Amino acid sequence: MASSSCTRVLLLCCGSFNPITNMHLRMFEIAKDYLHRTGNYKVLGGIISPVNDAYGKKDLIDSVHRLEMCRLALQSSDWIKVDSWECEQNKWHPTAKVLKHHQQTTPAKYMTNKDAQSRGVKRRRPNQGESTQAQDQIEGDIEIKLLCGADLLESFAVPGLWSDQDMEYIVNKHGLVVITREGSNPHKFVYESDVLYRNFTNIHIVTEWIYNEVSSTRIRRALSRNESIRYLVPDPVVQYIKSNELYHKDNNKYQSK
């Protein structure tokens with residue numbers, strides 16, 4: 001059990017969620033268990049942030065549908081929520097900016113009145129433009145860590161994909177919780193990246209021992225072939241996909257107007 005001296009953490013997972021799968025949800029549970037086992041952290045909640053439509057990824061369906069599928073998938077969770085801020089912006093924002101937004105706005109929502117009083121902080125958001133010690137305390141009291149798969153960690157090594165400034169901010173100011181699998185070697189990527197290696201103490205690599213290769217790409221492929229995806233994604237999401245005729249090959253009806 002986490003003690004009162006543990007660092008409080010929110011787990012933020014950014015991605016397409018096109019569609020959300022059971023593996024996405026499992027990542028949160030695996031990360032939560034790991035952080036609690038260290039005895040150094042207490043996970044207060046999880047946040048799913050679907051990417052903006054302007055990201056332009058191939059086969060990315062409208063965020064209206066992706067948000068609703070996430071909401072349906074999370075009906076059974078009492079600690080993970082979907083956040084629509086990223087989708088609602090008028091353009092795509094990089095992950096670092098999404099993290100900054102949540103660090104500025106989200107922690108106060110998880111502070112109880114008792115928590116705030118014990119730290120001498122009023123439980124409120126500051127006025128626009130206000131820069132106060134209270135706000136610094138609110139932002140600093142609860143850490144937001146980026147939850148991701150090993151593929152995101154590996155993508156840091158792709159030339160031009162991430163700016164060094166964003167990588168430094170993400171790893172140094174927030175940290176990563178990376179869910180990997182037996183047989184992969186994420187430590188190699190940390191070693192080969194100067195930014196990652198410099199901040200290796202802020203990177204938590206967690207092995208998923210129950211092998212699972214469910215991915216959104218494979219789900220879309222199965223749907224395009226009229227194959228069953230039951231037990232790979234939550235049942236309410238299966239029904240939503242069917243009702244809205246999403247992801248069928250040569251079918252554009254899923255795009256919102």
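Colleague: In which helix is Ser224 found?

Modeller: Ser224 belongs to helix 11, residues 216-224; helices (H or I, at least four residues) and strands (E, at least two) are DSSP runs numbered from the N terminus. The model is predicted, so local features need pLDDT of at least 70 and side-chain atom pairs count only at pLDDT 80 or more, while totals for chains, interfaces and linings use all residues. Residues are numbered from 1 along each chain as its sequence is written, and side-chain values use heavy atoms, with hydrogens and water left out.

Colleague: Is Ser224 buried, exposed or partly exposed?

Modeller: Buried means under 20% relative accessible area, exposed over 50%, and partly exposed in between (1.4 Å probe, protein chains only). Ser224 is partly exposed because its relative accessible area is 26%.

Colleague: Which residues is Ser224 in contact with, leaving aside its neighbours within four places in sequence?

Modeller: Contact means heavy atoms within 4.5 Å. On that basis, Ser224 touches Tyr247 and Lys249. Tyr247 is 23 residues from Ser224 in sequence, yet their C-alpha atoms are 6.1 Å apart in space.

Colleague: Which backbone oxygen does the side chain of Ser224 reach?

Modeller: The side chain of Ser224 lies 2.7 Å from the backbone oxygen of Arg221.

Colleague: Which elements supply the lining of the largest pocket?

Modeller: Rolling a probe the size of a water molecule over the atoms shows where empty space is left. Here, helix 11 is among the elements that each supply at least two lining residues, as are strand 1 (7-15) and helix 1 (22-38). Helix 7 gives the most, with five residues.

Definitions and conventions: Polar contact = N/O pair within 3.5 Å; in protein donor to acceptor, adjacent residues only side chain to side chain.
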